[in-house]
Amino acid sequence: MTTCKVHSLESFGAADGPGVRYVIFLQGCRMRCQFCHNPDTWEEQGGTIYTAEELLSKALRYRNYWGTEGGVTVSGGEPLLQMDFLLEFFALAKEKGIHTVLDTAGQPFTREEPFFGKLEELMKVTDLLLLDLKEMNPERHRRLTGRENDNILEFARYLSEIGKPVWIRHVLVPERSDFVEDLQALRAFTETLANVERIEVLPYHTLGVFKWENMGIKYPLEGIRPPEPERVRQAEEILGCGEQR
């Protein structure tokens with residue numbers, strides 16, 4: 001029986017995959033995204049301890065609300081940092097016929113063992129991935145997140161290789177991830193993948209700034225405003241959001 005460190009739970013998630021979903025936000029992330037609205041998820045040693053069975057029991061209380069499309073989503077932080085829990089939890093969920101979604105930025109991905117072998121097993125019990133692609137330009141990605149993006153793009157290629165359905169998400173941040181050439185590069189990259197069902201633009205917002213202040217961390221995007229609706233529409237057009245795939 002494995003345990004996990006949970007940051008928070010949401011009973012009626014409507015933006016975390018298809019339908020109404022029970023969403024588990026796990027503790028711990030090694031990226032340091034400048035736009036992060038939950039920096040309190042970064043620390044890997046925090047959170048509330050649960051077993052996979054405890055969380056599934058909690059989720060099942062809301063099953064009547066899921067309809068035919070809903071289910072459970074595990075998000076973060078970065079859920080792939082708690083792989084053993086994911087394996088057990090999604091396996092239990094599939095035994096109950098529950099639709100499973102993994103919301104990840106892909107940063108821990110490697111083809112090295114033991115991670116890769118566990119990932120292959122996890123994919124057998126994962127129905128859909130929400131994959132956050134922050135930036136295509138390597139230098140801008142490093143500035144924005146504090147991490148490289150080569151293994152993240154390799155993760156996207158791996159998911160295409162195995163035909164695992166993916167929704168690509170891109171947070172549009174003025175002056176950080178809103179460059180025409182980079183959006184075009186992201187569009188070109190997604191067109192090399194055979195498994196992308198949807199591409200979504202998530203407009204940057206400042207709703208989590210107070211958390212940075214409460215934690216005594218200087219907010220790196222001070223003065224940067226959310227993108228105007230017209231700019232979001234333009235980005236969606238460049239990325240081909242809403243097009244048949």
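Which residues in H6 meet which residues in H8? The structure examined here is a predicted model, in which local features need pLDDT of at least 70 and side-chain atom pairs count only at pLDDT 80 or more, while totals for chains, interfaces and linings use all residues. Residues are numbered from 1 along each chain as its sequence is written, and side-chain values use heavy atoms, with hydrogens and water left out.

Helices (H or I, at least four residues) and strands (E, at least two) are DSSP runs, numbered from the N terminus. Contact means heavy atoms within 4.5 Å. On the H6 side, Val-180, Leu-183, Gln-184, Leu-186 and Arg-187 take part, and they meet Arg-231, Ala-235, Glu-237, Ile-238 and Leu-239 in H8. The residues of this contact divide into six nonpolar, one polar and three charged. In this division Ala, Val, Leu, Ile, Met, Phe, Trp, Tyr, Cys and Pro count as nonpolar, Asp, Glu, Lys and Arg as charged, and the others, Gly among them, as polar. Two packed helices are described by the angle between their axes and the distance between the axes. For H6 and helix H8 (residues 229-239), the axes come within 8 Å and cross at roughly 40 degrees. Axes are lines fitted to C-alpha atoms, for helices over the stretch in contact, and angles run from 0 to 180 degrees between N-to-C directions.

The UniProt record, an unreviewed entry, places the feature "domain: Radical SAM core" at residues 15-242. UniProt positions are given in the numbering used here, feature names are shortened, and annotations may be inferred rather than shown by experiment. Over residues 15-242 the chain is 35% helix and 18% strand, and the end C-alpha atoms are 16 Å apart.

Backbone geometry was examined next. Most residues other than glycine have a negative phi, and most peptide bonds are trans. The peptide bond from Gly-76 to Gly-77 is cis, with omega near 5 degrees; Gly-77 is placed in the loop between strand E4 (71-75) and helix H2 (83-95). Glu-113 and Pro-114 are also joined by a cis peptide bond, with omega about 10 degrees. Pro-114 belongs to the loop between strand E5 (99-104) and helix H3 (115-123). Glu-175, a residue other than glycine, has a positive phi near 70 degrees. Its place is in the loop between strand E7 (166-172) and helix H6 (180-190). Glu-175 is exposed, with a relative accessible area of 53%. Here buried means under 20% relative accessible area, exposed over 50%, and partly exposed in between (1.4 Å probe, protein chains only).

The interior was described through a nonpolar core, that is, a set of buried Ala, Val, Leu, Ile, Met, Phe, Trp, Tyr and Cys residues joined through side-chain atoms within 4.5 Å. The largest such core has 69 residues, of which Leu-80, Phe-89, Leu-119, Leu-122 and Phe-155 touch the most other members. H2 supplies the largest share of this core, seven residues. Leaving aside residues up to four places away in sequence, Phe-155 touches Leu-80, Thr-104, Gly-106, Phe-109, Leu-119, Leu-129 and Leu-131. Ile-98 lies in the loop between H2 and E5 and counts as buried at 2% relative accessibility. With the residues up to four places away in sequence not counted, the contacts of Ile-98 include Leu-56, Leu-60, Trp-66 and Val-72.

Charged pairs were then considered. A salt bridge is a side-chain nitrogen of Lys or Arg within 4 Å of a carboxyl oxygen of Asp or Glu. A search of the whole structure finds 18 salt bridges. One of them joins Lys-211 and Asp-40, with the closest N and O atoms 3.6 Å apart. Lys-211 lies in helix H7 (residues 209-214) and Asp-40 in the loop between strand E2 (21-26) and strand E3 (48-51), so the pair ties together parts that are 171 residues apart in sequence. Lys-211 counts as buried at 18% relative accessibility, whereas Asp-40 is partly exposed at 30%.

Arg-111 forms a salt bridge with Glu-154, the closest N and O atoms being 2.9 Å apart. Glu-154 lies in helix H5 (residues 150-161) and Arg-111 in the loop between E5 and H3, so this pair ties together parts that are 43 residues apart in sequence. The side chains of Arg-111 and Glu-161 also meet in a salt bridge (3.2 Å, N to O). Salt bridges that share partners join Arg-111, Glu-154, Arg-157 and Glu-161 into one network.
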